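Have the viewer open as you go.

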There are 2 protein chains.
Amino acid sequence: MIAEIIAVGSEMLTPYRQDTNSLFLTGALNDLGISVAFKTVVGDNRAQLTGAARTAVGRTDIAIFMGGLGPTEDDVTRECLAEALEIELKRDHSLLTAMYKRFAERRMQMPENNAQQADVLSGATVLPNSRGSAPGQWLDIEFEGRSRIVLLLPGPPHELQEMWKLQCVERVRAKVPPAAIATCVLKTALLPESAADARTAPIYKKYPNIETTVLAGQGQVEFHLRTTAPTLEEAQLAVDRLAGELEDELGDAVFSSAGESLEEIVGYYLQMRNATLAVAESCTGGMIAERITSVAGSSRYFLGGAVVYSSELKTLFADVPPLMLEAHGAVSKEVALALAENIRDICNADIGVGVTGVAGPGGGTEEKPVGLVWVAVSDGRKQDVVQRRFPGDRERIRRWASQQALDMVRRMLM
Amino acid sequence: MIAEIIAVGSEMLTPYRQDTNSLFLTGALNDLGISVAFKTVVGDNRAQLTGAARTAVGRTDIAIFMGGLGPTEDDVTRECLAEALEIELKRDHSLLTAMYKRFAERRMQMPENNAQQADVLSGATVLPNSRGSAPGQWLDIEFEGRSRIVLLLPGPPHELQEMWKLQCVERVRAKVPPAAIATCVLKTALLPESAADARTAPIYKKYPNIETTVLAGQGQVEFHLRTTAPTLEEAQLAVDRLAGELEDELGDAVFSSAGESLEEIVGYYLQMRNATLAVAESCTGGMIAERITSVAGSSRYFLGGAVVYSSELKTLFADVPPLMLEAHGAVSKEVALALAENIRDICNADIGVGVTGVAGPGGGTEEKPVGLVWVAVSDGRKQDVVQRRFPGDRERIRRWASQQALDMVRRMLM
């Protein structure tokens, strides 16, 4: 079975905005054993959307339209589908009554236009929207001699995702041949993409039945494995075998095999060891703290720390001696170690992190070029400190430096 | 004139990867006065790509295919276009010779498959690729009674962009009626999307000739204006007039009319006033510092600060009295003000920022629910403090809180 995902909305045909719902939906369809064959973006234009709808329903088994279900004049998905499929739109009176009621409850008059949200394709099932006002629609239809599924879903991601989970998954599952699908994601930190691929390609190419996607970016290389088999056990066994071989090759560069982010893994380890963390960041400017605190519940193991951007604050908050700064410069092994050791001590944390470097684009010298970063981690007994020279722009250098720091904390806790 | 952009490649039909070239191309086409009516993603599948090619060329004036021009078996764009348009593919011997030569120079044997990169649609112009081995193709063709342009471009972004600039822009420009295009982007902070649109729609709807796109997200609403006129002066005048009216309506909620981010604007103001900044962040966990230091050169005005995630660190780094924490709780007006005032004082900065709140999902109470955030800014003479209740998840609450803080700094400096 193949699907097409159609994102409706002129804003996604500007240079500024992209359809992102289709990534979620593609994953959700793949999980049911359905491939996405086409993705289309079309604007709020009647003729163009009607044509695109006819094309989509004609060339796939499931056509999923996202967006254009709101109350404004630009919201023409319902009308265009009716025209494309040559079926009627009927106003659903129970939907309409519910809408009037919602407005009345807020002591507001419902604008005339809103009534179109109650228009339903003849024969379609209405899908309630628990997070917004535009209901979705599910239509089973014969088109050009074959049965197809046409789905109308709201555009806002949180509405679409909730409607998919509550109203669509089981309905779609009932339509597809049962397939057992197993997946696994291995995440590694700090491996260069080319090296990661060179080391693993000879392994995963031995398993042509397992679809392996290698994704690289921001100091992380991920291996996404997926396979189908008659039973879930067989599928899982196949995926696990390949995952095992990849882990053997990559060793402890693999930090997660269950989807967690590096900051989540660091959090797990800290909780497991009943340990706390404090950071002193210069060139990363708060990025490490921000990543750690992006994890819910991080207050259980993260105390905080200091963003010691100026030399004065390195001394003030992390007790780095001015003489040390003068002798070695702010970007030095000595300062990185002092930051890690002292912030740990001052905050009374179990583990301390210190980062200092040249994020650029200015400020580089021959001796200390842009991209040079020192990262230190200490647990009071042992210290770990590395020098790195990260390529790329400011954003990339800071991201890799934060990745380096988090990975060193992980390794110290391992 | 309308265009369709077709990205070819099965990897873009996975949940992990997206076509991004189309954003660049959309901007480039818009700059020439051409709208993008459709964007399509299709895999490396002969039947599907051939069908999609026929659809695309049939419904637009310019169809631009990206990718699938390489030397592997999966690279079928040339063949599929030939089949879709019912024209011949001819092997170009000068291209082929050049390819053999390149391989010979590297003392390598050219794999058989590579020869297909010399296949050219009958009647097409070959577009040299200065950054890779796959040449592009430009074809003027009559299709279904109308003249169309068909463009084949390589998929890697740096190859595509260079080929567009060197080989395509002028060729396309020669095909479209001359048009002068002016654009303007207004950015506002902290306006709710619905309010921003309600206030501005009556204004921008008076200018149907100016395309206005309203983009909202992460505490920011942006107005992208674009228009075409016979001369650049007229176009600029029209856009400036609408921008002026929008600025009058939105007042100082507009922080930028030249594309800058809020953190850049805060940086400009600080430099203009020769002032320095320090921050004490609790629930934002370093995000404000991270955003400020994402701007190159921020060390000129940003000293640093503290991530005071635990209560102890609020006292240790920002001198918040334990009695105050006990009496009012960490999430309180008093603590936000103390953080701002004290971090300013301790760091010897001109302006101090303090943020404390409940980012969730846990930790909320009836009195202090998830999303409650206090933000304070002080310049030592005047203080500004607000309480906000941000909706959404942890990420959204933290993002809006950082936006609130940066905007308050901007307003204090204005």
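Phe38(A) sits opposite Val42(B), a residue of strand 2 of chain B. Strands count as paired here if DSSP finds at least two bridges between them; helices (H or I, at least four residues) and strands (E, at least two) are DSSP runs, numbered from the N terminus.

Some housekeeping: this is a predicted model, so local features need pLDDT of at least 70 and side-chain atom pairs count only at pLDDT 80 or more, while totals for chains, interfaces and linings use all residues. Residues are numbered from 1 along each chain as its sequence is written, and chains are lettered from A and ligands numbered from 1 in the order in which they are written.

**Where the chains meet**

Across the interface, 51 residues of chain B are in contact with 53 residues of chain A, contact being C-beta atoms, placed from the backbone, within 7 Å. Among the elements that give two or more residues to chain B's side are helix 1 (21–31), helix 2 (46–59), strand 10 (210–217) and helix 13 (394–413) of chain B. That side divides into 24 nonpolar, 22 polar and five charged residues. Here Ala, Val, Leu, Ile, Met, Phe, Trp, Tyr, Cys and Pro are nonpolar, Asp, Glu, Lys and Arg are charged, and the others, Gly among them, are polar.

How are the two copies related?

**Domains and cores**

Chain A is assigned domain 1 (2–173), domain 2 (180–256) and domain 3 (262–413); the bounds come from an automatic or database domain assignment. The centres of domain 1 of chain A and domain 2 of chain A, taken over C-alpha atoms, are 35 Å apart.

The largest nonpolar core has 119 residues, and Leu339(A) and Leu339(B) touch the most other members. Such a core is a set of buried Ala, Val, Leu, Ile, Met, Phe, Trp, Tyr and Cys residues joined through C-beta atoms within 7 Å. Buried means 20 or more other C-beta atoms within 10 Å of the residue's own, exposed means 12 or fewer, and partly exposed is in between, with C-beta atoms placed from the backbone. There's also a second, separate core of 96 residues, including Leu13(A) and Leu152(B). Leaving out residues up to four places away in sequence, Leu339(B) touches Ala280(B), Val308(B) and Ala376(B), among others.

**Strand pairs inside chain A**

| Strands of chain A | Bridges | Facing residues |
|---|---|---|
| strand 16 (residues 372–378) and strand 17 (residues 383–389) | seven | Ser378(A) and Gln383(A) |
| strand 9 (residues 180–189) and strand 11 (residues 220–229) | ten | Val185(A) and His224(A) |
| strand 9 and strand 12 (residues 254–256) | two | Thr188(A) and Val254(A) |

The hairpin of strand 16 of chain A and strand 17 of chain A has four residues between the strands, and Gly380(A) takes a positive phi near 95° there.

Most residues other than glycine have a negative phi, and most peptide bonds are trans. Which spots stand out? The bond from Gly360(A) to Pro361(A) is cis, with omega near 0°, and Pro361(A) is in the loop between strand 15 (351–357) and strand 16 of chain A. In chain B, the bond from Gly360(B) to Pro361(B) is cis too, with omega near 0°.

Arg107(A) has a positive phi near 55°. Its loop runs between helix 4 (93–105) and strand 5 (119–121) of chain A, and Arg107(A) counts as exposed because it has 6 C-beta neighbours inside 10 Å. Asn274(B) also has a positive phi near 55°, and with 9 other C-beta atoms within 10 Å, Asn274(B) is exposed.

Finally, Tyr269(B) lies in helix 8 (residues 262–272) of chain B and counts as buried, with 20 C-beta neighbours inside 10 Å. Beyond its neighbours within four places in sequence, Tyr269(B) is in contact with Arg410(B) and Leu413(B).

Notes. Two residues are in contact if their C-beta atoms, placed from the backbone, lie within 7 Å.
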